[in-house]
Amino acid sequence: MDDDQLDRIFKALADPTRRRIVDRLRERPAQSLFQICALSAAANEPGLSRQAITQHLDMLEKAGLIRVEWMGRTKLHSLDLEPLREATALWLRKHL
């Protein structure tokens, strides 16, 4: 893992909306965009359009924190904590 990947991971997690998405995917993996949007609406999260959630998911995916699989025409999102574990270990090793 290089410094750019480390930066992407921590930048992705700096946003509270993305952290809520991560928490939801931790509780229940393999969710579609529709399911994530529905949970967001049910939680009364203001200003989260389908497009905004898509952008948040994209950033999490680029950081390696979400893996995607397709079930037919449905894109399912699941949390992958291994990059976060690696980033944390690398960061702590650098600062000890």
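Predicted model: local features only at pLDDT ≥ 70, side-chain atom pairs only at ≥ 80, totals over all residues.
Is H77 buried or exposed? H77 is buried, with a relative accessible area of 4%. H77 belongs to strand β3, and leaving aside residues up to four places away in sequence, its contacts are L25, P29, A30, Q31, S32, L33, I36, L57, I66, R67 and V68.

Let us look next at the sheet around that strand. Three strands make up an open sheet, arranged in the order β1-β3-β2, with antiparallel pairing. β1 and β2 are at the edges and have a single partner strand each, so one side of each has no neighbour in the sheet. Strands of a sheet pair through backbone hydrogen bonds, and the pairing can be parallel or antiparallel.

Now take the two pairings one by one. Strand β1 covers residues 31–32 and strand β3 covers residues 74–79; two bridges join them, and they run antiparallel. Within this pairing, S32 sits opposite L76 of β3. How many residues lie between β2 and β3 in their hairpin? There are two residues between them, and G72 in the turn has a positive phi of about 65 degrees.

Helix α2 lies across β1, β2 and β3, and runs at about 95 degrees to β3. Helix α4 also packs on the sheet, where it touches β2 and β3, and its direction makes about 115 degrees with that of β2.

Helix α2 has a helix partner as well. Two packed helices are described by the angle between their axes and by the distance between those axes. Helix α1 spans residues 3–14 and helix α2 spans residues 16–27; they pack at an angle of about 95 degrees, and their axes are 5 Å apart. The two helices, α1 and α2, are therefore roughly perpendicular to each other. Where they meet, α1 brings K11, A12, L13 and A14, while α2 brings P16, R18, R19 and V22. Sorted by class, this contact of α1 with α2 holds five nonpolar and three charged residues, and no polar ones.

Staying with α1 for a moment, find I9, which is part of that helix. I9 counts as buried, at 0% relative accessibility. What does I9 touch, not counting residues up to four places away in sequence? Its contacts are M1, A63, L65, P83, L84 and A87. For a sense of scale, look from I9 across to R50: these residues are 41 residues apart along the chain, and their C-alpha atoms are separated by 22 Å.

The last stop is the charged side chains. How many salt bridges does the count come to? The count comes to three salt bridges. One of them joins the side chains of K62 and D58, at 3.2 Å from N to O. Both K62 and D58 are in helix α4, which covers residues 50–62, and they are four residues apart, about one turn of the helix. K62 counts as exposed at 55% relative accessibility, whereas D58 is partly exposed, with a relative accessible area of 34%.

Another salt bridge forms between K75 and E61, with their closest N and O atoms 3.8 Å apart. This pair links distant parts of the chain, since K75 is in strand β3 and E61 is in helix α4, 14 residues apart. K75 is partly exposed, with a relative accessible area of 31%, and E61 counts as partly exposed at 32% relative accessibility.

The remaining bridge is between the side chains of R85 and E82, at 3.6 Å from N to O. R85 and E82 lie in helix α5 (residues 82–94), three residues apart, about one turn of the helix. E82 counts as partly exposed, at 39% relative accessibility.

Notes: Residues numbered from 1 in each chain as written. Heavy atoms only, no water. Axes fitted to C-alpha atoms, helices over the stretch in contact; angles between N-to-C directions. Parallel < 35°, antiparallel > 145°, perpendicular 65-115°, else oblique. Contact = heavy atoms within 4.5 Å. Nonpolar A, V, L, I, M, F, W, Y, C, P; charged D, E, K, R; others polar. Pairing = 2+ DSSP bridges. Buried < 20%, exposed > 50% of the residue type's maximum accessible area, 1.4 Å probe, protein only. Salt bridge = Lys/Arg side-chain N within 4 Å of Asp/Glu carboxyl O.
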